[in-house]
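These are my notebook entries on a structure that I looked up piece by piece.

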Amino acid sequence: TFKPLAEEFLPSLLKLDAELTELIQKEFTAFDRDGSGKIDLSELQQIARQLSVELSEEELSTALAELDLNKDGEISLEEFTAWWKSGRKGKTTAFRKLTRGVAK
C-alpha cells in the first residue's frame with residue numbers, strides 16, 4: 001500500500017525538488033553580483049538600490065547576519081538554501097523584501 005503510493009508520487013516530488021533548487025539558484029545568482037559564490041553586504045546594498053527598496057545599512061547587516069550561519073561575513077548558496085527552505089523566516093524582513101522582484 002505505502003510502496004505503490006511512494007512509487008507513484010516519487011517522480012513528482014523529485015521534479016518539484018529540482019524546480020525548487022533551480023529557483024533558489026536563480027535567486028542566489030541574482031544577489032551574487034560578482035559571481036564569487038557568496039553574497040556580501042555590498043551586493044545586498046546594490047540590489048536594494050536597484051529595486052528601490054529602502055533598507056538601512058543596519059537592516060541589511062541584520063539580514064546578512066541572520067543568514068550567515070558560519071559567521072564569515074558572507075552568505076553561501078548553502079546558507080541561502082537553508083533560509084529559503086525554512087520558509088524564508090527571520091527577525092528581519094529585508095531579504096523577503098529583496099527577493100520579491102530580484103530574479104524576475
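Entry 1. I looked up glutamate 19 and lysine 15, and I found that both lie in helix 1, four residues apart, which is about one turn of the helix. I note at once that the model is a predicted one, and that every value below is computed from it. The two residues form a salt bridge in which the closest N and O atoms are 3.2 Å apart. Side chains of opposite charge can pair when their charged atoms come close. Lysine 15 counts as exposed, because its relative accessible area of 54% is over the 50% cut-off.

Aspartate 17 forms a salt bridge with lysine 85, with 3.8 Å between the closest N and O atoms. This pair links distant parts of the chain, since aspartate 17 is in helix 1 and lysine 85 is in helix 4 (residues 77–85), 68 residues apart. Aspartate 17 is partly exposed at a relative accessible area of 38%, and lysine 85 is partly exposed as well, at 47%.

Aspartate 72 forms a salt bridge with lysine 38, and here the closest N and O atoms are 3.1 Å apart. This pair also links distant parts of the chain: aspartate 72 sits in the loop between helix 3 and strand 2 (75–76), while lysine 38 is in strand 1 (residues 38–39), 34 residues away. I recorded aspartate 72 as partly exposed, with a relative accessible area of 37%, and lysine 38 as partly exposed, at 23%.

Entry 2. I returned to helix 1, which covers residues 2–31 and also holds phenylalanine 9. Is phenylalanine 9 buried or partly exposed? It counts as partly exposed, because its relative accessibility is 45%. Together with Leu13 and Leu16, Phe9 makes a nonpolar surface patch of about 320 Å².

Entry 3. Rolling a probe the size of a water molecule over the atoms shows where empty space is left. The count comes to one cavity of 30 Å³ or more, and the largest cavity has a volume of about 40 Å³. Its lining has 10 residues, and the closest to its centre are Glu66, Leu67, Trp83, Thr92 and Phe95. Helix 3 (57–67) and helix 5 (94–99) are the elements that give two or more residues to this lining, and helix 3 gives the most, with three residues.

Entry 4. Last, I stepped back to the whole protein. I counted five helices and two strands, in the order α-β-α-α-β-α-α from the N terminus on. The protein has 104 residues, of which 30% count as buried. Its accessible surface comes to about 6800 Å², and 56% of that area belongs to carbon and sulfur atoms. Among contacts with a separation of 6 or more, 56% are between residues 24 or more positions apart.

Notes
Residues numbered from 1 in each chain as written. Predicted model: local features only at pLDDT ≥ 70, side-chain atom pairs only at ≥ 80, totals over all residues. Heavy atoms only, no water. Buried < 20%, exposed > 50% of the residue type's maximum accessible area, 1.4 Å probe, protein only. Contact = heavy atoms within 4.5 Å. Areas by Shrake-Rupley, 256 points an atom, 1.4 Å probe, with all protein chains shown as cover. Patch = residues over 30% accessible without salt bridge, like charges linked within 9 Å, V, L, I, M, F, W, Y side chains within 5 Å. Salt bridge = Lys/Arg side-chain N within 4 Å of Asp/Glu carboxyl O. 1 Å grid on protein atoms, 1.4 Å probe; cavity = no way out; pocket = protein on both sides within 12 Å on 5 of 7 lines; lining within 4 Å. Points joined across faces, edges and corners; volume = space filled by probe spheres on them.
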